[in-house]
Amino acid sequence: MSTAKPRAERAAEARVAATRIEAEGVDGVIVSWVDNAGVTRVKTVPVRGLESAARWGLGAAPCFDAFLVDDSLAPSGGPVGDLRLVPDLTGLHRLAAQPGWAWAPGDRWTQQGEPHPGCQRRFARRTADALADLGLDVRAGIEVEWIVDGGEPGPAYGMRRLIGNSDYLRDLLRTLREQEVTVLQLHPEYTEGQYELSVAPAGPVEAADTALLVRHTVQAVSLRHGLRASFAPATTPDGVGNGGHLHLSLWRDGRNLGHGGTGPHGLTREAEAFLAGVLAELPALLALGAPSVASYLRLAPGRWSGPHHCWGLENREAALRLITGSAPEQANAEIKCFDAAANPYLAVGGVLAAGLAGLGAALRLPAETTGDPDGTAPRLPDTLQGAVDALRKSEVLRAALGEPLWRAVVDVREAEIARFADLGPEELIAAVRYRY
């Protein structure tokens, strides 16, 4: 059965929200979703059309589930049918770097008012709700990394690069603050022109929403400063690309289960089982969290991208990095093998589904990798085809995604593999650099 609010209630909330944001100078509202290729797609309405959009939704054809990163279609895409894109007003934000605009994430529903089985955001919500039914909740955050063309050069993590782009970065911080996004850190990253920003943890779906809002804001602020931002997993064939590391912690009754337990490094048995489930499914999860053919230019040893199928305390080459922090509430795990091409709802939902399976089976973590994993720990798939093969074998993820969404993801991945099969690294990078 549908769990949507009644149309009249949605419309009443939208009426109030529209009045408020129109008084703040908003003329149009962007409603977005992310497709299976990791591309953010949008529909917009005038601010006074928000009430109708909330009541009835906006048309968004099901063929979008078959879109590839270059806007071509997987064979399963067709011209028939329609869905309704409904804005979630709990995520409504006025866009400080795009005067006159507001943004809200959207959920996709059938015309009969039922959840669309291919809606990635609903998938993430389902898995979060399944954990809540067990009395558990997850706090998550997605690091945002990007590379700008035209910025001041300088060394990795260097003050020179910060000074040379301080107006740009200050504008970014100010804009995010105006949008009520709590920034924890912002710094120059390893690659020339690269930056990383992390935000305060939130619920899993909200964390994915925030990651999108941050990326939209980075793009808008970059353009205002004459810069062009890329979130692609690789921007040079041999360089360090853009990650989309997912941090998460498991909580029960206000207690962080990553601290004070009898498992490895203080993990409780529940937290250990959850992370063991994630670790077990990582090869298949790559098809969700590293979804581009170009993702595997980044996922290589020696780049701290997490290419090895192992875990370790503060081990930046392990795919699953455990972080104890300096206070109990800071304990969390980081999934390092994911990148910025991922649909964040698929990535989050897949990880939660894997963790749920680990809890159900009371899994235990294997032996920890304490040093450089290269040569001592197995590699994760080093091609998208390898990740798709693992996804095909994963009963856990197939059941969690549901057949329509699982099939759509596999179809898009295999179509992109075929479409880019004849491209060299430089051509592949050029094809996807500004798509995400």
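I take two strands as paired if DSSP finds at least two bridges between them. Helices (H or I, at least four residues) and strands (E, at least two) are DSSP runs, numbered from the N terminus. The model is predicted, so I note that local features need pLDDT of at least 70 and side-chain atom pairs count only at pLDDT 80 or more, while totals for chains, interfaces and linings use all residues. Residues are numbered from 1 along each chain as its sequence is written, and side-chain values use heavy atoms, with hydrogens and water left out.

**Entry 1: strand S1**

I looked up the partners of S1. S1 and strand S2 (residues 40-46) pair in the antiparallel sense over seven bridges. In this pairing I find Trp-33 opposite Arg-41 of S2. The two strands form a hairpin with five residues between them, and Gly-38 in the turn has a positive phi of about 90 degrees. I then turned to strand S6 (residues 101-109), which runs parallel to S1 and is joined to it by five bridges. Within S6, Trp-101 is the bridge partner of Gly-28.

For burial I use relative accessible area: buried means under 20%, exposed over 50%, and partly exposed in between (1.4 Å probe, protein chains only). Why is strand S1 (residues 28-34) largely enclosed by the rest of the structure? Seven of its seven residues are buried. I checked both faces of S1, and both are covered. Gly-28, Ile-30, Ser-32 and Val-34 are buried on one side, and Val-29, Val-31 and Trp-33 are buried on the other.

I located Ser-295 in helix H8 (residues 295-298). Ser-295 counts as buried, at 1% relative accessibility. Its side chain makes a polar contact of 2.6 Å with the side chain of Asp-339. By polar contact I mean a pair of N or O atoms within 3.5 Å; within protein, one must be able to donate a hydrogen and the other to accept it, and residues adjacent in sequence count only if both atoms are side-chain atoms. Not counting residues up to four places away in sequence, Ser-295 touches Pro-233, Ala-290, Asp-339 and Ala-341, where contact means heavy atoms within 4.5 Å.

Next I looked up Leu-384, which lies in helix H10 (residues 384-393). Leu-384 is buried, with a relative accessible area of 3%. Beyond its neighbours within four places in sequence, the contacts of Leu-384 include Ala-290, Tyr-296 and Arg-413. I also recorded the C-alpha to C-alpha separation of Leu-384 and Tyr-157: 30 Å in space, at 227 residues apart in sequence.

Asp-71 has a positive phi of about 75 degrees although it is not a glycine. I place Asp-71 in the loop between strand S3 (58-59) and strand S4 (84-87). Asp-71 counts as partly exposed, at 38% relative accessibility.

His-265, not a glycine, has a positive phi of about 55 degrees. I find His-265 in the loop between strand S13 (255-256) and helix H7 (269-289). At 34% relative accessibility, His-265 counts as partly exposed.

**Entry 2: Met-159**

I found Met-159 in helix H4 (residues 159-164). Is Met-159 buried or exposed? Met-159 is exposed, with a relative accessible area of 55%.
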